[in-house]
Amino acid sequence: MATTLRRYISVLLIALLALGSFPVAAAQTTGLVSTQAALEADSASEERERIHDILARADVQEQLLAQGVNPEEVKARVAALSDSEAKQMAQQLEAMPAGAGVIAALFAVFVILLVTDILGLTDVYPFTR
């Protein structure tokens with residue numbers, strides 16, 4: 001009787017162990033977000049916010065309009081930047097001296113718009129055709 005009870009308990013424990021490991025195996029193949037990926041996504045959103053803050057300044061808006069660029073289109077393009085491009089642009093804007101920030105920011109926006117226009121992703125500058 002003791003051997004029969006042991007046998008039933010063993011089968012039950014084996015079944016529970018096997019069933020208990022399925023969610024772990026499924027979680028490993030579904031692509032859970034790692035801590036590093038979550039931190040990078042948070043960092044990218046902070047960098048986009050920093051870029052939006054600079055572009056929202058009145059002097060930057062005036063310069064964009066003077067260059068013939070619609071500020072709403074610039075916001076859409078910044079939103080379309082990849083995480084690495086947003087990080088690079090934010091780093092360039094931070095590295096600039098305080099007085100050169102506006103002109104350099106406008107130049108960076110101009111270059112980004114020009115590159116996307118040359119690639120055919122946008123239609124801002126007619127001279128790129």
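Reply: L106 is buried in this predicted model, because its relative accessibility is 12%, under the 20% cut-off. The residue sits in helix α6, which covers residues 101–118. Beyond its neighbours within four places in sequence, L106 is in contact with V60, Q63 and L64.

Now R77. This residue lies in helix α4, residues 71–80. R77 has a relative accessible area of 9%, so it is buried as well. A polar atom of the R77 side chain lies 3.3 Å from the backbone oxygen of L113. L113 is also among the residues that R77 touches, once those up to four places away in sequence are set aside.

Next, helix α5, residues 83–95. Its 13 residues should span 18 Å at 1.5 Å a residue. The end C-alpha atoms are 18 Å apart, so the span agrees. Four names mark the buried side: A86, M89, A90 and L93. They cover an arc of only 100° around the axis, and therefore lie on the same side of α5. An α-helix has 3.6 residues a turn, so residues three or four places apart point the same way. The face turned away from the buried side of α5 carries S84 and A95, which are exposed.

Conventions
Residues are numbered from 1 along each chain as its sequence is written. This is a predicted model: local features need pLDDT of at least 70, side-chain atom pairs count only at pLDDT 80 or more; totals for chains, interfaces and linings use all residues. Side-chain values use heavy atoms; hydrogens and water are left out. Helices (H or I, at least four residues) and strands (E, at least two) are DSSP runs, numbered from the N terminus. Buried means under 20% relative accessible area, exposed over 50%, partly exposed in between (1.4 Å probe, protein chains only). Contact means heavy atoms within 4.5 Å. A polar contact is a pair of N or O atoms within 3.5 Å; within protein, one must be able to donate a hydrogen and the other to accept it, and residues adjacent in sequence count only if both atoms are side-chain atoms. The expected span of a helix is 1.5 Å times one less than its number of residues. The arc is that of the directions from the helix axis to the C-beta atoms.
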